[in-house]
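I opened my notebook to record what I looked up. My entries go chain by chain and then turn to a few details.

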Amino acid sequence: MNSENVALETAFEIAMTVFPVILALMVFLCLIRAIKGPRIADRIVAINMMGTLTMVIIAILAVKMNEGYLVDICIIYAMISFLAVTLLTKVYMGVYAERKKKEAEKHDSTTVD
Amino acid sequence: MSRLLSEEEYRKTKAFKIKRWYRGEKDPYVGAVELKPQKPFTEDINTMKHRVRDEAILKRKIYDIEHNRKLQIFSKFYRAVSVLFVFTLIGILLYMVSYLPPVGNAANPDNNEVATKYIEDAMKDTGAVNIVTGMILDYRAFDTLGESNVLFIATCTVLILLRVDNRSKKEEEEANDRLYEPKNDIILQKVAFFLVPMIIIFGIYVILNGHLSPGGGFSGGAIIGSGLILYVNAFGFKKIERFFTQKTYKWICFAALLFYCLAKTYSFYCGAHHLETGIPLGTPGAILSSGLILPLNICVGMVVACTMYAFYAMFRKGGF
Amino acid sequence: MTALLWIRFLVGIILLLCGIVVFGIELFGVFRFEYVLNRMHAAAMGDTLGIALSMGGLIVLCGLNFITLKMILVVVFLWFASPVSSHVLARFEVATNEELDKECDVEALSEEKQSERG
């Protein structure tokens, strides 16, 4: 009975150590995508994915270490990544439209002259 | 209106006159004092020529570095002295570094009895389960007051630097509400309708649990601020100005900082690291425990939330 | 009793493994597809399914308590937020890419949509 419990605990420990390592490798690959990505949207997608993977890592750590407060950080991470995506896209769209309009005005003025 | 006097008699009393003057209905000086309208300022051509020539001479005297020997010498001297000053400072700092104790030594000042005292006595003294909160809001409350004030001052400075003074431009931007950005994304609006209350409630939870679990005023305030930013992002500045304007910001910050000062000034002046407040500490682990830490956490949280939102609004729009 | 514990452990681990496999497929899609809008498809699907499966596994491992309640909150939040962020991103890509026709087949946009693209 007792030895079986010990076996269970070691299996739990091994699983909880191996999974975060795999996820960390995935985060690294996401980082490669974020650096390579030819467009801005590519990078934002990769960063969003990194956020999700990090959330899973934090949750696994919370279960492994039996510390409930780490899940709070998980929620905050989800919130921040959502906010970052919406804000970044909105700001970029604003900047793009402004530049477009200015270029058009410049073009108009040069043709008139 | 007075209940004792009739309408006619009340109009003759002094109280009525003062009230009328206070409301601005009647200016007592109009008609009683002779007023001369000011002349509009006009400049004739001769004085303008004089002024322009004087300015040109002054400019040449001050800014013409090539022909001004004094200025040349001064600029060279200034460069030499600045380099010398920086090197002296680096030398002094490096000299001081040689006096620091080696890393990892057991007798270092960071391994002294202060840390042990905090770990042993914090829960008994402050009643907070989270020792860090007990430290920053009880033993070191003066430090946190300074940090909150820094946030407030930073907002004021950014307001001075970034505010859009050009009135016509500001009006135009307000009319179009974020001129070039896409507006009224219905999907984002419907989701923000659910998510913003969730985020704000979570922030309040983090603030109120500051003395029980990691978190506290700063992180909870940041979460509430991000909720407000999401609200602005989805619904636009016009909607948020129904309940959050510059005036609200000023009053909230003022009230929070004032409460903080009033609650803690006595122990600051007495120089004691911890004084009895008279509020019972309660059982550690309950929400209503640990004396003044909970209200101070709420104050810090309000200041941080307002500052987060104010920074966003000012960088996006130039004033809020 | 021990058998029950083992069953719980195995169910939790299998769910967690499923989640990680879904994340792996998502990553494969992100590297394999050619264009952002296709990549986004893989990323959004993988995010929602993977987080649900892995959090489900952790909930089974942990048992029902306050921590699991927070994990359920994470899943609910992400299911609200992730589709919306994908929508916002797709809108951003369509609005800023001037040569969208080269990347994928686009139907001719109507007048008001054209103006919305800006």
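**Ground rules.** I noted that this is a predicted model, in which local features need pLDDT of at least 70, side-chain atom pairs count only at pLDDT 80 or more, and totals for chains, interfaces and linings use all residues. Residues are numbered from 1 along each chain as its sequence is written, chains are lettered from A and ligands numbered from 1 in the order in which they are written, and side-chain values use heavy atoms, with hydrogens and water left out.

**Chain A.** I found three helices and zero strands in chain A; helices (H or I, at least four residues) and strands (E, at least two) are DSSP runs, numbered from the N terminus. Chain A has 113 residues, and 45% of them count as buried. Buried means under 20% relative accessible area, exposed over 50%, and partly exposed in between (1.4 Å probe, protein chains only). I then looked up contacts, meaning heavy atoms within 4.5 Å. Of the contacts in chain A between residues at least 6 apart in sequence, 49% join residues at least 24 apart. Chain A exposes about 6,000 Å², with 67% of it supplied by carbon and sulfur atoms; such areas come from the Shrake-Rupley method with a 1.4 Å probe, and for residues only the protein chains shown count as cover.

**Chain B.** I found 13 helices and zero strands in chain B. Of its 320 residues, 30% count as buried. The accessible surface of chain B comes to about 22,400 Å², and 65% of that belongs to carbon and sulfur atoms.

**Two helices.** At what angle do the axes of helix 2 of chain A and helix 2 of chain C cross? I read roughly 5 degrees for helix 2 (residues 40-65) of chain A and helix 2 (residues 36-62) of chain C, with the axes coming within 10 Å. Axes are lines fitted to C-alpha atoms, for helices over the stretch in contact, and angles run from 0 to 180 degrees between N-to-C directions. The two helices are therefore roughly parallel to each other, a label for angles under 35 degrees. Among the residues making the contact are Met49(A) and Val56(A) of chain A, and Met40(C) and Leu58(C) of chain C.

**Lys70(C).** I placed Lys70(C) in helix 3 (residues 66-96) of chain C. Is Lys70(C) buried or exposed? Lys70(C) counts as buried because its relative accessibility is 11%. Leaving aside neighbours within four places in sequence, its contacts include Asp72(A) and Tyr205(B).

How values were computed. Angles under 35 degrees count as roughly parallel, over 145 as roughly antiparallel, 65 to 115 as roughly perpendicular and the rest as oblique.
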